[in-house]
Amino acid sequence: MRRARLLIDAAAMRHNLGVAREAAGGRSVFAAVKADGYGHGLLTAARAFSAAGTDGFAVATPGEGVALREAGFAERILVMQGALLPDELEVAATRSLELVFHDPAQLELLERYDATLPVRGVRAWIKVDTGMHREGLMPERVAAARERLERSAAIDGRIGLMTHFARADEPDPAPTQRQIATFRSVAANWDGETSLCNSAGLLGAHAAAGDWVRPGIMLYGGNPFIFGEAAQHRLQAAMTLKTVLVAVREVPSGEPIGYGGRFIAPETMPVGLASVGYGDGYPRHAPDGTPILVNGRRCQVVGRVSMDLVTVDLRGVEARVGDEVECWGGALSIDQIAQAAGTISYELMCQVSGQLRAEATILGE
């Protein structure tokens, strides 16, 4: 076992889903559990959200949906990348996975293999590109795509319509409002379910409406906006990364610390060595000054992050070998570390090593 350890708080995830449901105002919820539950463990996250009453799950690929079905989850499962191969179509049909169609090639695939699918009544969604220009059919092509889906004997006639916001995390609401307006023009008189909101769209008071919301990062305690903090939205951290000090030493004034000598000691100073690094998922590009807690006291990372070691400025802090270090969690927001490292909390959550995830301690189950 590594000295670095991961704590996953299932109770925090249940709480955060409650916040999402409150913000949804009665709309149904697809809890996003893709990317191994945003690094928290697919089944750990799914169990927490199922216990808290989610209406469904949102995953990226059919394989993730199959894993949920094999674990016994009966909620609706939305596969946001849809099917790309014949066996994925068959898996979706037999496992009751709902497919998103966002590219003409997926419609062509369905038409080629429609007659061979063993199950009828597969639920389908069309994703319309309202301005993000990543996935999705252009608005003028949605009607024809719907007609093609309705001709399929395998597809349930109640076809859903969805989109995704590109800039709902920003202070300016105008780009999101333009996307909503485009969506509404396509969805006028739409006979089927609709879905627009991710976490930022849900908490951002954009009045997007729709039948389903698809919260992701907020369910794990991350701030969905590029401003403010998660706590402002009553969100609780679900992931804590901790370790211990394995050495405490004095570095003379003027001496460099770590690979490349990036940090030069401005005075003779105590430096702690924390047993964590980029091999565990701590960001290698974290700069000098990135916050880190030692015995609950706020300290700073100094020097370049190594594979399994981080050097910490211990000036003004009483510390010794074996003392606790918190990299991020309930006492130190993961968003602060992400901001310091020039990234987002999503990446930090997802890049935690598989070994730490496999050995994670699950709290609140």
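**Exercise 1. Determine whether K127 is buried or exposed, and identify the residue with which its side chain forms a salt bridge**.

Solution. Step 1: K127 has a relative accessibility of 6%, and it therefore counts as buried (buried means under 20% relative accessible area, exposed over 50%, and partly exposed in between, with a 1.4 Å probe and protein chains only). Step 2: the side chain of K127 meets that of E135 in a salt bridge, at 3.1 Å from N to O. A salt bridge is a side-chain nitrogen of Lys or Arg within 4 Å of a carboxyl oxygen of Asp or Glu.

The model is predicted, with local features requiring pLDDT of at least 70 and side-chain atom pairs counting only at pLDDT 80 or more, while totals for chains, interfaces and linings use all residues. Residues are numbered from 1 along each chain as its sequence is written, and side-chain values use heavy atoms, with hydrogens and water left out.

**Exercise 2. State which residue pairs with K242 in a salt bridge, and classify both partners by accessibility**.

Solution. Step 1: the partner of K242 is E324, with 3.4 Å from N to O. Step 2: this pair links distant parts of the chain, since E324 is in strand β17 (residues 324-328) and K242 in strand β10 (residues 239-251), 82 residues apart. Helices (H or I, at least four residues) and strands (E, at least two) are DSSP runs, numbered from the N terminus. Step 3: E324 has a relative accessible area of 35% and is partly exposed, whereas K242, at 15%, counts as buried.

**Exercise 3. Explain why the buried residues of helix α6 lie on the same side of the helix, and state what covers them**.

Solution. Step 1: in α6 (residues 104-113), the residues Q106, L107, L109 and L110 are buried. Step 2: these residues cover an arc of only 160° around the axis, so they lie on the same side of α6; the arc is that of the directions from the helix axis to the C-beta atoms. Step 3: the covering elements include α5 (86-95), β5 (97-101) and α7 (142-150). Step 4: at the start of α6, a side-chain oxygen of D103 reaches to within 2.9 Å of the backbone nitrogen of A105.

**Exercise 4. Locate A35 and S96, and give the phi value of each**.

Solution. Step 1: most residues other than glycine have a negative phi. Step 2: A35, in helix α2 (residues 34-38), has a positive phi near 55°. A35 is partly exposed at 39% relative accessibility. Step 3: S96, in the loop between α5 and β5, has a positive phi of about 55° although it is not a glycine.

**Exercise 5. Describe the surroundings of R47**.

Solution. Step 1: R47 is found in helix α3 (residues 42-51) and is partly exposed, with a relative accessible area of 40%. Step 2: R47 touches F73 and E365, not counting residues up to four places away in sequence; contact means heavy atoms within 4.5 Å. Step 3: the C-alpha atoms of R47 and R14 are separated by 9.4 Å, and these residues are 33 apart along the chain.

Technical notes
A polar contact is a pair of N or O atoms within 3.5 Å; within protein, one must be able to donate a hydrogen and the other to accept it, and residues adjacent in sequence count only if both atoms are side-chain atoms.
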